[in-house]
Amino acid sequence: MRTSPSLLSLTIDSAVLNLSNIADLSSLPDHIVVDLFLRTLRAGKLNERVLKLFIATGKDEVFSLIRALNIRATVIPVLPTTIKDDEIDIVIGAVRSDLTSFMNEWRPMFSRFHLIIVKDPDLKEELKIPEGFNLDVYEKPHMDQVVGSSTSVFFSGYACRYFGYLVSRKKYIISVDDDCLPARDPKGFVVDAVAHHITNLTTPATPFFFNTLYDPFAEGSDFVRGYPFSLRTGVKCALSCGLWLNLADHDAPTQALKAKQRNSRYVDAVMTVPAGSLVPISGINIAFDREVVGPALVPALKLAGEGKFRWETMEDIWSGLCVKVVCDHLGLGVKTGLPYVWRTDRGDPIASLKKEWEGVKLMEEVVPFFQSVRLPREATTVEDCVVEVANAAKERLGLTDPVFARAAKAMLDWVNLWKSVAYISSSSPAV
Amino acid sequence: MATVSPTPLLKDELDIVIPTIRNLDFLEMWRPFFQPYHLIIVQDGDPSKVIKVPEGFDYELYNRNDINRILGPKASCISFKDSACRCFGYMVSKKKYIYTIDDDCFVAKDPSGKDINALEQHIKNLLCPSTPFFFNTLYDPYRDGADFVRGYPFSLREGVPTAVSHGLWLNIPDYDAPTQLVKPLERNTRYVDAVMTIPKGTLFPMCGMNLGFNRDLIGPAMYFGLMGDGQPIGRYDDMWAGWCIKVICDHLGLGVKTGLPYIWHSKASNPFVNLKKEYKGIYWQEELIPFFQSVTLPKDCTTVQKCYIEISKQVKAKLGKVDDYFNKLADAMVTWIEAWDELNPSGAKSAELPNGAAK
């Protein structure tokens with residue numbers, strides 16, 4: 001006859017089943033904590049949160065077990081099961097040469113995927129990249145080979161990443177600046193920006209009517225009362241813009257004025273930017289569907305005093321406005337909000353402001369221009385739309401400042417480049 | 001910009017309008033936040049029932065008899081047996097700001113566990129500008145710790161006056177009946193720490209459960225329609241008002257904000273009852289949204305009242321054929337404006353704005 005399990009044993013079994021409701025184990029005697037730990041392992045219920053719970057008890061036996069079993073807290077990204085790893089490229093524009101700590105911090109999130117690292121052609125030093133990644137590195141010679149010199153398209157500075165977009169053969173691209181690290185959410189968990197961007201891109205966007213509970217496709221959310229049912233299927237999301245903790249993407253005058261201000265507010269929402277509404281899309285933390293909208297991300301607006309800090313550029317803002325106008329015309333969606341990245345403190349806004357302030361002034365022309373662009377019904381492809389925007393820019397802004405005439409030309413050259421170089425898979429759908 | 005100045009109480013400039021048919025017990029929880037203010041209670045349903053107001057509140061209470069007495073034949077525009085009757089409270093108020101809340105809404109807690117003073121946040125929202133012309137990716141740029149992002153034109157950073165502050169709800173979310181039936185157990189537990197301006201040209205579903213507005217700027221457009229007894233539709237009162245006010249705000253260059261504050265919504269109404277009320281609305285909104293999206297107001301509509309009368313004309317012309325209800329509604333909209341102007345004779349505040357620019 002088998003002896004029935006002890007009350008203690010039953011209690012520990014029950015605790016294993018209810019781990020999600022337990023917030024603190026430190027009051028338990030050591031031998032019970034160890035027993036609970038082993039049974040948790042056996043039941044396959046050890047995850048990052050549970051591991052933290054055991055570590056928080058401070059018990060030596062728990063630490064010995066962790067060391068002995070070589071348990072490490074790694075973040076396993078949870079991707080939608082419909083997405084295969086080989087559909088994603090992570091494109092990093094290297095504006096600085098030493099990418100060691102950057103790559104190591106992102107390793108848990110990046111290592112599954114193919115990476116494209118593009119070196120700023122103005123960068124003199126050799127790139128330092130740690131081992132263990134599946135990647136391709138592109139430098140100036142590659143650019144010259146692919147693009148030739150007879151083009152006004154520029155890949156210097158932050159715009160070097162566009163070369164990566166051009167040569168990528170994948171459907172989805174995720175791109176973050178090389179001074180950004182993974183952020184933590186208010187509960188202390190590391191944010192998997194890659195998985196989050198993919199979720200944004202693979203769930204519909206809802207640009208035609210504002211949902212007051214933000215993303216209706218998020219867990220625990222839905223469309224609110226009064227949201228027309230015919231609009232609930234949504235449209236394809238072409239672009240996902242993430243945000244930044246710590247050093248937010250303010251312009252130089254703003255950051256100089258509020259020198260100590262750092263963004264610590266984690267806004268737990270993703271939302272679709274409504275159709276017809278323009279938005280300054282920062283290039284610091286973005287993802288997009290390259291097959292659907294690739295040509296619309298244009299390396300076009302190069303400021304006269306453009307430099308190696310975001311405060312000294314506006315290329316991404318111009319590019320983003322172009323993408324939004326094209327998406328609005330073609331019925332595609334743009335989302336903004338999560339995921340956050342942690343943007344490290346770098347540079348001096350006052351120095352940047354002294355060097356380059358034209359960009360801020362130019363926005364006074366740029367925004368009204370994009371707000372007034374009307375694309376003709378005949379423009380049904382992304383390439384056609386970009387050409388229309390370029391022609392309109394040349395016509396309406398070309399005489400205001402030569403930088404705009406150059407931008408317009410760069411856009412036209414970019415479309416041609418895209419048509420001749422970019423990989424279009426046979427299965428990629430027309431928009 | 002060193003210290004953040006405390007939010008003014010505005011206790012002599014703000015009325016709290018509460019529609020009720022049962023009781024006002026919920027006010028006890030709100031006492032620390034509401035007691036300084038004047039309440040306007042609009043009692044729906046049986047006027048012979050006595051609604052007890054908790055001690056210590058300064059209030060005026062109107063039941064159906066009062067509404068009929070004050071408005072005479074124009075009382076026909078005020079709904080009966082529906083919380084839409086609350087708009088009568090907006091009409092009789094003499095204050096600059098209104099906050100309206102449902103009697104099943106309680107004080108919520110923020111993620112740190114602190115009680116949320118919803119009224120204070122609404123006042124903050126209403127007193128600082130909106131930014132409808134260009135989306136700020138860091139949401140409300142005037143909030144502590146936030147600002148405009150790179151690329152935001154400086155000429156647009158002054159913003160425009162805020163007419164409406166739309167708050168949200170934790171616990172029972174404001175779902176329609178079909179969604180309630182499919183997800184009866186879903187609760188909104190996500191605290192989104194943001195206020196944002198709804199861009200110009202974008203419509204939204206405005207919920208009347210937790211709503212603040214500047215009565216001087218937009219009051220006459222806050223008509224909550226014909227709902228309830230004798231009407232083919234219910235639970236679309238706030239929706240209707242929301243579409244009207246957004247079109248008018250877009251035309252007059254005013255802002256509408258949504259997001260914080262949260263209140264705790266405690267009661268899930270019966271989804272089957274709701275389905276009966278909303279049924280026609282679910283079909284009609286497919287026509288209503290394109291209608292509102294395409295409404296254009298002529299340049300000479302420079303006051304809220306003029307804009308509203310113009311919308312009522314277009315409702316009759318274009319929606320009358322969807323259902324005769326819209327003919328009645330269009331007439332009621334006109335009656336409402338007549339009643340509003342009667343009770344609020346212009347002279348001092350005519351809500352005429354300098355830039356009545358056409359859309």
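Buried here means under 20% relative accessible area, with exposed over 50% and partly exposed in between (1.4 Å probe, protein chains only). Helices (H or I, at least four residues) and strands (E, at least two) are DSSP runs, numbered from the N terminus. This is a predicted model, in which local features need pLDDT of at least 70, side-chain atom pairs count only at pLDDT 80 or more, and totals for chains, interfaces and linings use all residues. Residues are numbered from 1 along each chain as its sequence is written, chains are lettered from A and ligands numbered from 1 in the order in which they are written, and side-chain values use heavy atoms, leaving out hydrogens and water.

Take strand β2 of chain B (residues 38-43) to begin with. B:His38, B:Ile40 and B:Val42 point one way, B:Leu39, B:Ile41 and B:Gln43 the other, and all are buried. With 6 of its 6 residues buried, β2(B) is therefore largely enclosed by the rest of the structure. Strands count as paired if DSSP finds at least two bridges between them. On that basis β2(B) pairs with β1(B) (residues 14-20) in the parallel sense over 6 bridges, and B:Ile41 is the bridge partner of B:Ile18. Another 5 bridges join β2(B) to β3(B) (residues 58-62), also running parallel, with B:Tyr59 as the partner of B:Leu39.

Over in chain A, A:Thr40 sits in helix α2 (residues 30-42). A:Thr40 counts as buried because its relative accessibility is 0%. Leaving aside residues up to four places away in sequence, A:Thr40 touches A:Val16, A:Leu19, A:Lys45, A:Leu46, A:Val50 and A:Phe54, contact meaning heavy atoms within 4.5 Å.
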